[in-house]
Amino acid sequence: MNQVAPSTGSSLHRQLHGRRVLVTGGSLGIGQSIVRLLALHGASVAIQHAGSVDAAIGHGGAASELAEFVRSEGGLSCEIDSDFSQPGAARNSVMQAERQIGPIDTVFVCASVQAREPFVSIQLETALRQFHVNYWATIELLQQVLPGMQTRRYGRVVSIGSSQQDRPSPDLAVYASLKAAQHNLIVNLAKACVTDGITFNTVSPGLVHTPRSDWRRKASLAQWEQFQANSNPMGRAGRPEEVAQVAVNLVLENTGFMTGVNIGIDGGGNL
């Protein structure tokens, strides 16, 4: 079980007090760190997660614990257990979030799934699952939330991309392609909504120490150490909170002049 960080909200300016945020894939890893930081800034947060996936990797109570942390910091919170591989799930998640915490003005798109396989072994079933979770769900989500943002003339959308979209691994062809497509979508919407008071940006991490990478450490700690040493010039995996800090900065006060950008957080992997 993940431990809830001690409250330090009083040390922050709580710039997001009154904001209502939906974080997809928010129960673990980068999404979890984003939710915690949002709570410390005073936001209300709807946490979308796939409960069966959390339970399968030993974190079945993560979303509930996180929602309680948000409430302990004074914000409203709810958990939305939904499977984004199913058409309509993302749209329904927005509607459920708005029923429970009010109109959504900020979205973090963190939910994703990947399948490692040689290109010649790619199967339609696994490719379609990645398509629905990593791309189509984002379209559904934003189709549902954008009209309200446009009416209120305010919105912030941050997509968690990946260094894979620019430097793809041979065994992640589908995942890498979809991450590139998602950033293209973010740029498209940034252009379309540039006069609506809505910004769209992407944050693209490299290797990050999250439950997704646990399988490498469990298989061989020595190989994991070698893998992260070779992953970037800094020679280490990033921490979820390092990504969360940059992502949340994009929705704080006085950040409305940045849209359509991709920020790499990869230990110098672009060098």
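Trainee: At roughly what angle do the axes of helix H1 and helix H9 cross?
Mentor: Keep in mind that this is a predicted model. The axes of H1 (residues 29-40) and H9 (residues 240-249) cross at roughly 55° and come within 8 Å.

Trainee: Which residues in H1 and H9 meet?
Mentor: From H1 you have Gly29, Ile30, Ser33, Ile34, Leu37 and Leu38. In H9 they meet Pro240, Glu241, Val243, Ala244, Gln245, Ala247 and Val248.

Trainee: And how do the residues of that contact of H1 with H9 divide?
Mentor: Into 9 nonpolar, 3 polar and 1 charged.

Trainee: OK, what about H1 with helix H3: at what angle do they pack?
Mentor: About 15°, with the axes of H1 and H3 (residues 62-72) 8 Å apart. H1 and H3 are therefore roughly parallel to each other. This crossing is right-handed.

Trainee: Which residues make the contact of H1 and H3?
Mentor: H1 brings Gln32, Val35, Arg36, Ala39 and Leu40, and H3 brings Leu66, Phe69 and Val70. By class, that contact has 6 nonpolar, 1 polar and 1 charged residues.

Trainee: Switching topic: how many residues has helix H5?
Mentor: H5 (residues 124-152) has 29 residues. From its first C-alpha to its last, H5 reaches 41 Å, close to the 42 Å expected at 1.5 Å a residue.

Trainee: Where is the kink in H5 centred?
Mentor: On His132, and the kink is about 40°.

Trainee: What follows H5?
Mentor: Arg153, whose phi is positive, near 55°.

Trainee: How many Å apart are the axes of H5 and helix H6?
Mentor: They are 9 Å apart, and H5 and H6 (residues 173-192) pack at an angle of about 15°. H5 and H6 are therefore roughly parallel to each other, and H5 passes H6 in a right-handed crossing.

Trainee: Which residues in H5 and H6 meet there?
Mentor: On the H5 side they are Ala127, Gln130, Phe131, Asn134, Tyr135, Thr138, Ile139, Leu142 and Leu146. Those meet Val174, Tyr175, Leu178, Ala181, Gln182, Leu185 and Leu189 in H6. The contact of H5 with H6 divides into 12 nonpolar, 4 polar and no charged residues.

Trainee: Why do residues three or four places apart point the same way?
Mentor: Because an α-helix has 3.6 residues a turn.

Methods:
Residues are numbered from 1 along each chain as its sequence is written. This is a predicted model: local features need pLDDT of at least 70, side-chain atom pairs count only at pLDDT 80 or more; totals for chains, interfaces and linings use all residues. Side-chain values use heavy atoms; hydrogens and water are left out. Axes are lines fitted to C-alpha atoms, for helices over the stretch in contact, and angles run from 0 to 180 degrees between N-to-C directions. Helices (H or I, at least four residues) and strands (E, at least two) are DSSP runs, numbered from the N terminus. Contact means heavy atoms within 4.5 Å. Ala, Val, Leu, Ile, Met, Phe, Trp, Tyr, Cys and Pro count as nonpolar, Asp, Glu, Lys and Arg as charged, and the others, Gly among them, as polar. The expected span of a helix is 1.5 Å times one less than its number of residues. The bend at a residue is the angle between axes fitted to the seven residues ending there and the seven starting there. Angles under 35 degrees count as roughly parallel, over 145 as roughly antiparallel, 65 to 115 as roughly perpendicular and the rest as oblique. A crossing is left-handed if the near helix is turned anticlockwise from the far one by less than a right angle, and right-handed if clockwise.
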